[in-house]
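Morning, everyone. I have a few minutes on a new structure. Please look at the screen.

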Amino acid sequence: MNEPYAVEDAERGPTALEVQGLGKRYGQNWALKDCSFRLPAGRICALVGPNGAGKSTLMSLVTGMVAPTAGRAEVFGRPLDAPDTRARVGLVAQDKPLYAGFTVAETLRLGRELNGTWDGAKAEEVVAQGRIPLSARVGSLSGGQRTRVCLALALGRLPDLLVLDEPMSDLDPLARHQLTGMLMAEAAERGVTVLMSSHVVAELQDSCDYLVVLAGGGVKLAGDIDEVLDAHRLLVGAETAELPVEAEVVETRHSGRQVTALVRGNIPAPAAWQESRPTLEEVLLAHLRTPDAPTLITAEARPAGLGVAA
Ligand SMILES: Nc1ncnc2c1ncn2[C@@H]1O[C@H](COP(=O)(O)OP(=O)(O)OP(=O)(O)O)[C@@H](O)[C@H]1O
């Protein structure tokens, strides 16, 4: 049994993951630079960003697979090299490393032998849900079936933080639905925290309640999804309509004689504009199209080192 969460912020509750100024450079190029955010315990966090933004690099850093060039990462208040910290983290990497010559049963047995904490029934259930025979050789499995075996290995370890790099990309619709249900059950029943990357907004909308967006070399958005959406407003007006000067403009787009603006700031929309709450997809697309849009990191998502004041 793992210890209770090590860090408890009196006002913000326990923290699962905190990264501060985290960066990784390969040669002259930064794969990830100056990345700072906080992920509270028990949340299911979507990690979003354009290709090459550094999502996989961030996941490798926070699971201790790769050493940072700059900054630090803490899991449940401890550095990754502290004893037992790595054991609390489960990873399903994008390249799904498994031994092709092993059967599924042998793979799960290896999981049991390599991990102090192991729930064999849970791991077998994940495999059985996908109707994968335990006697099948891993090398003969499809990409989606291999993903499922990796998930079984990750969940069998009973991690407190589960890091999933595009886990849905090769799963069929039923398997995606099952995975979403599994993650929500793990979060509700065991308080597991999930950090999951995906390019498919619908998947994230169904399963995630927290968001981190990487773009343009840093964190652009971080926080509770509802809070992030509530901070934005979509304004639609005629080409000649002027935006309120106090509005913090994320993006404006022109189509025909109409202008659509995504803005922040709690200001009354002038009569010339029609106002609505944007969808997650509208907010994400606007930030992905506009890498220099103003950053929003909610108070809850700020690492302690940056302070909680706005
Ligand atoms: N081992 C490595 N050696 C050199 N460069 C690397 C290495 N790993 C990543 N990079 C570079 O770092 C940048 C970020 O890569 P990363 O895979 O983290 O992005 P990503 O956001 O996960 O992308 P995608 O959405 O395409 O999966 C890219 O420019 C990539 O080429």
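One caution before we start. This is a predicted model.

Now the helices. Find α2, residues 104-114, and α3, residues 120-129. Their axes lie 11 Å apart, and the packing angle is about 150 degrees. That makes the two, α2 and α3, roughly antiparallel. Their crossing is right-handed. Who meets whom? On the α2 side we have Val104, Leu108, Gly111 and Arg112. Facing them from α3 are Gly120, Ala123, Glu124 and Val127. The contact between α2 and α3 holds four nonpolar residues, two polar ones and two charged ones.

Next, α3 with α4. Helix α4 covers residues 143-156. The axes of α3 and α4 come within 8 Å, and they cross at roughly 160 degrees. So α3 and α4 are also roughly antiparallel to each other. This crossing, too, is right-handed. From α3, the contact uses Gly120, Lys122, Ala123, Val126 and Val127. From α4 come Arg148, Val149, Leu151, Ala152, Leu153, Leu155 and Gly156. Sorted by class, the contact of α3 with α4 has eight nonpolar, two polar and two charged residues.

Are they roughly parallel or antiparallel? Their axes sit 10 Å apart, at an angle of about 25 degrees. That makes α2 roughly parallel to α4. The crossing of α2 past α4 is right-handed. Val104, Thr107, Leu108 and Gly111 make the contact from α2. Val149, Ala152, Leu153 and Gly156 make the contact from α4. This time the classes are five nonpolar, three polar and no charged residues.

Some residues turn up more than once here. Val104, Leu108 and Gly111 of α2 meet α3, and they also touch α4. Gly120, Ala123 and Val127 of α3 meet α2, and they are in the contact with α4 as well.

On to single residues. Phenylalanine 76 is not a glycine, yet its phi is positive, at about 50 degrees. Where is it? Phenylalanine 76 is in the loop between β5, residues 70-75, and β6, residues 78-79. Phenylalanine 76 has 24 other C-beta atoms within 10 Å, so it is buried.

Glutamate 166 sits in the loop between β8, residues 161-165, and α5. Is glutamate 166 buried or exposed? The cut-off for buried is 20 or more C-beta neighbours. Glutamate 166 has 20 inside 10 Å, so it counts as buried.

Stay with strand β8 for a moment. Leucine 162 belongs to that strand. Leucine 162 is buried, with 25 other C-beta atoms within 10 Å. Leaving out residues up to four places away in sequence, leucine 162 touches Gly90, Ala154, Val192 and Val194. Leucine 162 and valine 92 are 70 residues apart in sequence, but 8.1 Å apart from C-alpha to C-alpha.

Helix α5 spans residues 173-190, and leucine 174 is in it. Buried or exposed? Leucine 174 has 10 other C-beta atoms within 10 Å, so it is exposed. Its C-alpha is 9.3 Å from that of glycine 130, a residue 44 places away along the chain.

Last stop, glycine 216. Glycine 216 lies in the loop between β10, residues 210-215, and β11, residues 218-224. It is partly exposed, with 18 other C-beta atoms within 10 Å. Which residues does glycine 216 touch, not counting those up to four places away in sequence? Pro291 and Asp292. Threonine 290 is 74 residues from glycine 216 along the chain, and their C-alpha atoms are separated by 8.8 Å.

How values were computed: Residues are numbered from 1 along each chain as its sequence is written. This is a predicted model: local features need pLDDT of at least 70, side-chain atom pairs count only at pLDDT 80 or more; totals for chains, interfaces and linings use all residues. Axes are lines fitted to C-alpha atoms, for helices over the stretch in contact, and angles run from 0 to 180 degrees between N-to-C directions. Helices (H or I, at least four residues) and strands (E, at least two) are DSSP runs, numbered from the N terminus. Angles under 35 degrees count as roughly parallel, over 145 as roughly antiparallel, 65 to 115 as roughly perpendicular and the rest as oblique. A crossing is left-handed if the near helix is turned anticlockwise from the far one by less than a right angle, and right-handed if clockwise. Two residues are in contact if their C-beta atoms, placed from the backbone, lie within 7 Å. Ala, Val, Leu, Ile, Met, Phe, Trp, Tyr, Cys and Pro count as nonpolar, Asp, Glu, Lys and Arg as charged, and the others, Gly among them, as polar. A residue is buried if 20 or more other C-beta atoms lie within 10 Å of its own, exposed if 12 or fewer, and partly exposed in between; C-beta atoms are placed from the backbone.
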